[in-house]
Amino acid sequence: MSLRGIPSLGTSFDDKIGHFGAYSIFTLLIFNYCISLKVKSPLVYAFAIATIYGFLMELLQKLLTTGREFDLYDALANAFGAVIAVVFITVYRKLKLK
């Protein structure tokens, strides 16, 4: 897969920053969807879904493709993005209640 059209930030870990950002936004979107469905504990569901999905995508890259590999650091960046989204939501909700 060619990523030539994506601008570089000039670091050796641009890919991890992308994973982090994408999974932060993904977690926020899942959280909002869970809220609209009136799911109990939407924050827990959003975190679990995003983290499990991120890990499964990395695992499936290894199992189902020839040109891609499982990257533990990508999976960790995905999970860390979800964690930061959960922290953001928690802080935002506490500030909103005041």
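Asp74 is buried, its relative accessible area being 6%. The model is predicted, and a search through the whole structure turns up three salt bridges. Asp15, Lys16, Asp71 and Asp74 are joined in a network of such bridges. A nonpolar surface patch, made by residues including Val87, is the other topic here.

**The salt bridges**

- Side chains of opposite charge can pair when their charged atoms come close.
- Asp74 makes a salt bridge with Lys16, and the closest N and O atoms are 2.7 Å apart. This pair ties together distant parts of the chain, with Asp74 in helix H3 and Lys16 in helix H1, 58 residues apart.
- Asp71 also meets Lys16 in a salt bridge, at 2.9 Å from N to O. Here too the link joins distant parts of the chain: Asp71 sits in the loop between helix H2 (42-64) and helix H3 (72-97), while Lys16 belongs to helix H1 (residues 14-36), 55 residues apart.
- Asp15 forms a salt bridge with Lys16 as well, the closest N and O atoms lying 3.3 Å apart.

**Exposure of the network residues**

- Lys16 counts as partly exposed because its relative accessibility is 23%, and the band for that class lies between 20% and 50%.
- Asp71 is partly exposed too, with a relative accessible area of 22%.
- Asp15, at 38% relative accessibility, is likewise partly exposed.
- Asp74 is classed as buried because its relative accessible area of 6% falls under the 20% cut-off.

**The nonpolar patch**

- Phe47, Phe80, Val83, Ile84, Val87, Val91 and Leu95 make a nonpolar surface patch of about 580 Å².
- Helix H3 supplies the largest share of this patch, with six residues.
- Val87, one of the patch residues, has its place in helix H3.
- Val87 is partly exposed, with a relative accessible area of 44%.

**Where the two topics meet**

- Helix H3 holds Asp74 of the Lys16 pair, and H3 also gives the nonpolar patch its largest share.

Definitions and conventions. Residues are numbered from 1 along each chain as its sequence is written. This is a predicted model: local features need pLDDT of at least 70, side-chain atom pairs count only at pLDDT 80 or more; totals for chains, interfaces and linings use all residues. Side-chain values use heavy atoms; hydrogens and water are left out. A salt bridge is a side-chain nitrogen of Lys or Arg within 4 Å of a carboxyl oxygen of Asp or Glu. Buried means under 20% relative accessible area, exposed over 50%, partly exposed in between (1.4 Å probe, protein chains only). Helices (H or I, at least four residues) and strands (E, at least two) are DSSP runs, numbered from the N terminus. Patches are made of residues with over 30% relative accessible area and no salt bridge: like charges are joined within 9 Å, nonpolar side chains (Val, Leu, Ile, Met, Phe, Trp, Tyr) within 5 Å. Accessible areas come from the Shrake-Rupley method with a 1.4 Å probe; for residues, only the protein chains shown count as cover.
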